[in-house]
Structures are given as C-alpha cells and as structure tokens.
Amino acid sequence: MTVHADPKGVLTGTHFIDGDHACCEGALAAGARFASGYPITPSTEVVERFAARIPSVGGVFIQMEDELAASIALQGAVWGGAKAFTVTSGPGFSLMMEHIGYALMTETPCVFVDVQRGGPSTGLPTMPAQGDMMQCRWGSHGDYEVIALAPNSPQECFDLTIRAFNLAEKYRLPVMFMMDECVGHMTEKVVIPPADQIEITPRRLTKQAPDEFLGYKADEDLVPDIAKAGDGYRFHVTGLTHNEKGYPSMTVKTQDKLIHRLQDKILQNADDISINEEVDLDAADVVVVAYGITSRVAMKAIQMVRDSGQKLGNRKLRIGMFRLITPWPFPDKKIRALAGRIRGFVVPELNLGQMSREVERASGGLAKTIAVTHAGGTVHSPEEIAEAILEAAR
Amino acid sequence: MSVTEIRFAGFGGQGVIMMATVIGKAACIFENGYSTMTQAFGPEARGGAASAQVVLSDQPVLYPYVTEPNILVVMAQEAYTKFSPEVRSDGILIVETDLVRVTTAVKPGVRVYGVPATRLAEQLGKKMVLNIVMTGFFTAVTGLLAAESVRNAVLDSVPAHSKDLNLRAFEAGFAYGQKVLEGSVTDLATV
C-alpha cells in the first residue's frame with residue numbers, strides 16, 4: 001500500500017545540487033521529520049540542509065553528543081511515530097554498529113546513510129571509497145539480513161533515498177544507504193517531481209484492538225505490524241530475544257524462530273526488494289558488476305573497449321553491465337545464471353575486494369571473477385577497468 | 001559524443017565554485033545538455049587555492065573528473081602554475097590579467113584570453129562580482145553556451161537583492177570578451 005508524499009517536504013522543481021543535498025531532499029520527500037546526527041565529512045551537507053529545511057517543513061534535527069547517541073535517538077523518534085534517519089561516514093558508521101543491530105532486532109524502520117570515504121579509521125575524510133560494503137552487511141554482531149542501496153548520481157540520491165525509506169517501512173528494518181564521497185559531493189541536475197507523483201509507503205500501523213495486539217506477531221510476509229506510542233497500545237521493545245508479545249524469552253526455540261524470521265523476511269521478499277540495472281547482458285562475453293560512482297567509470301571503460309573494436313574470434317567482443325543498485329540482498333540467482341553463460345566477471349570497486357567476493361561465491365566457479373581493486377582516494381582510471389575486461393575475455 | 005572539460009581555479013573567496021555552478025547549471029537546466037560539477041574539498045578549499053571542475057556533454061556524463069581540460073580559467077598565479085600544463089593543445093586558457101602573468105609557455109595551439117575581471121568588478125562598485133564578470137567573459141570568448149542560458153543561470157544562482165548588480169557584472173565581462181574577440185583589446189600580461 002502506498003500514499004502520495006506530503007507536499008510540505010517536497011521541493012518540486014529542477015535543481016543543480018550535489019548528492020548530499022539530494023539525499024536530504026529525498027528524505028524530506030519520503031516523510032522524514034526527524035534526524036539525529038553527529039555530522040562528519042563527507043556526509044555533513046545532508047544534515048546541514050536538513051537542519052536548515054526542517055523548521056519550515058515541521059520536524060526536528062538534533063545534533064547529538066556522538067554517533068552512539070545519534071543512532072539511538074532516531075529509534076526513539078520512530079517508536080514515537082516519526083520517520084527518522086541518521087547520516088554518517090566510516091568512523092561514525094563503525095560506532096553505530098551496535099544500534100544498527102538493535103534496530104534490526106527490534107524491527108525499527110529507519111534509514112542509515114553512510115557517505116563512504118577512505119578508511120580504516122579516520123582515513124581520507126574528503127576522498128571517496130567503497131570500503132564499507134561488507135560492514136553494512138555484517139558489521140553488527142549476530143545473524144541478520146539487511147537491505148542496502150548504492151546510488152550513482154545526485155538524481156539517484158534523491159530517488160533511492162525515498163525507496164530506502166519505503167523499504168524500511170515495508171520490511172521494518174534499518175536500511176543502509178551506501179553513498180560514496182564522489183556521488184555525495186558531485187553536483188548535477190536533480191528533478192524533484194510534484195508530491196502527487198511520489199509514492200510513499202506509510203508505517204504499517206496495526207489495525208488490531210489494543211487488547212489483542214501482539215507487537216511481534218508477523219503477517220504472511222513475515223513482517224509484524226507496529227503500534228505507535230501514545231495510541232493506547234501496550235508494547236515492549238527489547239534487543240533481547242523476544243516472543244510475539246515482545247517480551248524477553250531467551251530460549252533456543254524463540255531464538256530459532258525469531259532469527260530465521262528476521263532473515264527470511266528479506267530473503268523471501270528479495271525479488272521485491274532487489275533492483276539492478278542490466279545493460280546488454282544478452283549474449284555478453286564479459287559482464288562488469290559495479291555500483292555507486294564506480295559503475296559510471298566502468299561504463300566509460302566499456303565504451304572505450306567497444307570503441308577500440310576488440311574482437312573475440314571473428315566477431316566483436318560483447319560486454320554487459322550489471323549494476324548493483326541494491327547490493328544487499330545480493331542477487332545470487334541472477335549472478336549464478338549469468339556465470340553459466342559468460343567468460344568472466346569484472347568487478348571494479350573502491351576497496352580491496354568486497355562485493356567481488358560475493359560475485360565469485362554466487363558464480364560457483366562457473367565463470368572467472370576479476371576484481372579491479374582500489375584503496376580509495378579517487379575513482380578508478382577507466383583504462384585499468386578496460387584492461388581487466390580484455391583479460392576476462394581471454 | 002561531444003565532451004568539454006573545464007577547470008576553474010583561483011583563491012578561496014573569489015567565487016570560483018560559483019562560476020562552475022553557473023556554467024554547469026546553464027548547460028543542464030537552461031540548455032539541453034548534461035553537466036557534472038565537482039570541487040576540491042579539504043584543507044586546500046579554505047583560504048588558499050580553490051578549484052572546481054565541470055564536465056559538459058550532450059550525453060550523460062560518466063567519468064566525473066576533469067583530466068585534460070579543454071578550457072582552463074585561472075584567477076591566481078598559483079592556480080596558473082599548477083594547472084596550465086594540463087590544458088589540451090587545442091584548448092582555451094582564460095586568465096585574470098591583473099592577477100595572472102602568463103609566464104611559462106603554454107602548449108602551442110592553446111588560445112589565451114585575458115580579462116581584468118577584478119578591476120571591472122571594482123568599476124561596478126563591488127569587487128565581489130569579479131566571478132560573474134569572468135563568467136560573462138567566459139561566455140563570450142568560448143561561445144560554448146548561449147549568453148541567454150548563462151544569464152538565466154546567474155539570475156538563478158544569486159540572491160534577489162544582488163540580481164541587478166550580477167547582471168551588470170555579466171554584461172561587463174561579456175562585452176569585454178566580445179571586444180577581445182574583435183581584437184580591439186590586447187592587454188594580456190605576458191613576458
């Protein structure tokens with residue numbers, strides 16, 4: 001079920017803004033009315049704009065004392081009925097891991113924006129990297145599934161932030177919005193449509209009577225409906241393993257049921273969640289798998305190889321592109337199917353090999369995977385990706 | 001596919017980023033092109049050197065950074081020294097003549113244009129608009145974008161109370177550029 005966006009938060013028009021600002025506008029359009037943050041480069045502009053815009057839209061921005069506080073304050077706002085998010089970069093993202101786990105366990109719908117910079121530690125504050133892709137998947141302890149999105153332009157920072165909020169509400173979990181410094185600080189045209197053309201997923205508020213309500217009894221889609229504080233419902237929220245009532249129940253049986261449900265609500269709905277851009281995959285010899293800013297550099301590399309007239313036998317080399325718009329959940333089935341009919345994958349990313357391992361795992365040895373690694377600080381040169389494409393074709 | 005790479009460079013406070021924003025906006029909002037603007041972030045962006053890059057294209061821009069500019073606009077000697085060797089041999093170099101001395105030999109084939117943008121801005125009563133003077137000059141000598149598009153982008157980018165002043169700054173730079181093209185002005189500070 002969707003509704004139209006609240007026009008108060010929608011800055012309809014054509015803008016020339018950077019990815020950080022576009023992300024903020026996406027959050028406002030999606031209905032976010034609370035953000036708690038501990039601003040950090042290169043994500044600062046997201047909350048800077050939010051802090052400037054929210055008084056006239058109606059809502060709250062609060063700069064907390066640190067990332068631990070920022071990442072839990074927003075969850076209080078969610079249980080109070082608001083749509084909420086926080087914004088950070090690598091060092092702050094590391095500090096937020098405990099509370100990301102809390103949001104996963106308590107099924108708190110919210111969005112964590114990570115504008116990735118070079119790491120580890122304080123690393124390269126003003127320069128791009130994509131080194132948090134595994135951290136956003138596995139960074140908090142225990143077993144769980146996440147949803148992550150990776151925009152490759154300011155326009156997508158707007159569009160996909162809305163999608164991130166919608167997925168958070170539909171599946172009740174913290175959604176990871178994985179930008180990179182390059183996309184965050186890049187200024188391009190961003191078109192914001194009228195509010196009545198923006199589809200918003202509202203909170204799945206329970207329709208049950210207060211005395212019948214069970215806060216963690218899941219529907220058919222494995223997601224429970226939620227109650228809002230102050231509406232007369234009694235509910236209990238805990239990071240401990242809990243039963244359908246939300247009360248701690250630390251038994252093997254409850255743990256097994258709960259943890260499998262948290263996993264399955266994502267995996268069983270993966271087809272609904274997952275979006276990828278698939279370019280020229282039919283009859284491709286080599287497929288480049290990329291995301292974020294690297295996908296654009298990779299497309300340039302593909303054009304370079306095509307323009308150079310590279311041949312495979314007596315015909316032109318065919319190169320496709322599989323862009324991970326939602327790196328998580330990983331599109332296992334699609335990569336496996338491709339692996340069965342191509343020569344190899346090329347996976348450029350601004351890290352020393354993270355999503356490339358997933359491509360390798362999912363392809364199950366049916367095709368080779370060439371990782372084009374980069375420690376971060378800038379983007380790849382298209383030439384190095386082009387070289388890997390030729391190697392994969394051999 | 002036609003791609004034009006432009007770098008704007010100078011001191012912090014000269015409005016280098018604003019120039020890049022106006023040109024980028026003119027191309028993708030007031031004309032039907034695509035543009036991507038990036039800027040130098042970090043300690044160097046405060047006070048000292050400032051630079052911004054714009055890539056214009058008739059197709060969506062893939063690679064976001066400038067590698068070999070077709071056009072370089074410099075408003076400080078330091079920026080000139082650092083960036084002038086990058087310009088393509090069929091490119092254009094635009095300098096602020098009172099602030100930049102074209103000391104080293106640029107690649108043969110590079111067209112060099114100069115404008116005393118700061119002085120012209122001072123004549124309009126506000127030094128601050130030197131960047132818009134330069135933007136007007138850029139528009140005239142490059143012929144890359146329609147004057148009307150850039151004018152609209154200027155008006156769209158500056159506060160309401162300074163629209164008139166900025167418009168006059170744009171026209172002053174544009175008129176100077178037309179004179180330079182006609183050959184009636186040649187005050188390029190070369191040695």
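Modeller: The side chain of Arg203(A) reaches the backbone oxygen of Ala82(A) at 3.0 Å in this predicted model. Ala82(A) is one of the residues that Arg203(A) touches, leaving aside those up to four places away in sequence; the others are Val78(A), Gly81(A), Lys83(A), Pro109(A), Glu169(A) and Ile226(A). Gly81(A) stands 122 residues from Arg203(A) along the chain, yet their C-alpha atoms are separated by 8.4 Å. Arg203(A) itself belongs to the loop between β11 (199-200) and α8 (252-267) of chain A. Its relative accessibility is 14%, and Arg203(A) therefore counts as buried, the cut-off being under 20%.

As for the sheet, chain A has an open one of 5 strands, in the order β12-β16-β13-β17-β18 and with mixed pairing. Its edges are formed by β12 (276-279) and β18 (368-372) of chain A, each of which pairs on one side only. From one strand to the next, the twist averages 20°. Within this sheet, β13 (residues 286-290) and β17 (residues 344-348) of chain A run parallel and are joined by 3 bridges. Val287(A) is placed opposite Phe345(A) in β17(A). Helix α13 (residues 382-393) of chain A lies across β13, β16 (319-324), β17 and β18 of chain A. The direction of this helix is at about 165° to β18(A).

Technical notes
Residues are numbered from 1 along each chain as its sequence is written. Chains are lettered from A and ligands numbered from 1 in the order in which they are written. This is a predicted model: local features need pLDDT of at least 70, side-chain atom pairs count only at pLDDT 80 or more; totals for chains, interfaces and linings use all residues. Side-chain values use heavy atoms; hydrogens and water are left out. Two strands pair if DSSP finds at least two bridges between them. Helices (H or I, at least four residues) and strands (E, at least two) are DSSP runs, numbered from the N terminus. Axes are lines fitted to C-alpha atoms, for helices over the stretch in contact, and angles run from 0 to 180 degrees between N-to-C directions. Contact means heavy atoms within 4.5 Å. Buried means under 20% relative accessible area, exposed over 50%, partly exposed in between (1.4 Å probe, protein chains only). A polar contact is a pair of N or O atoms within 3.5 Å; within protein, one must be able to donate a hydrogen and the other to accept it, and residues adjacent in sequence count only if both atoms are side-chain atoms.
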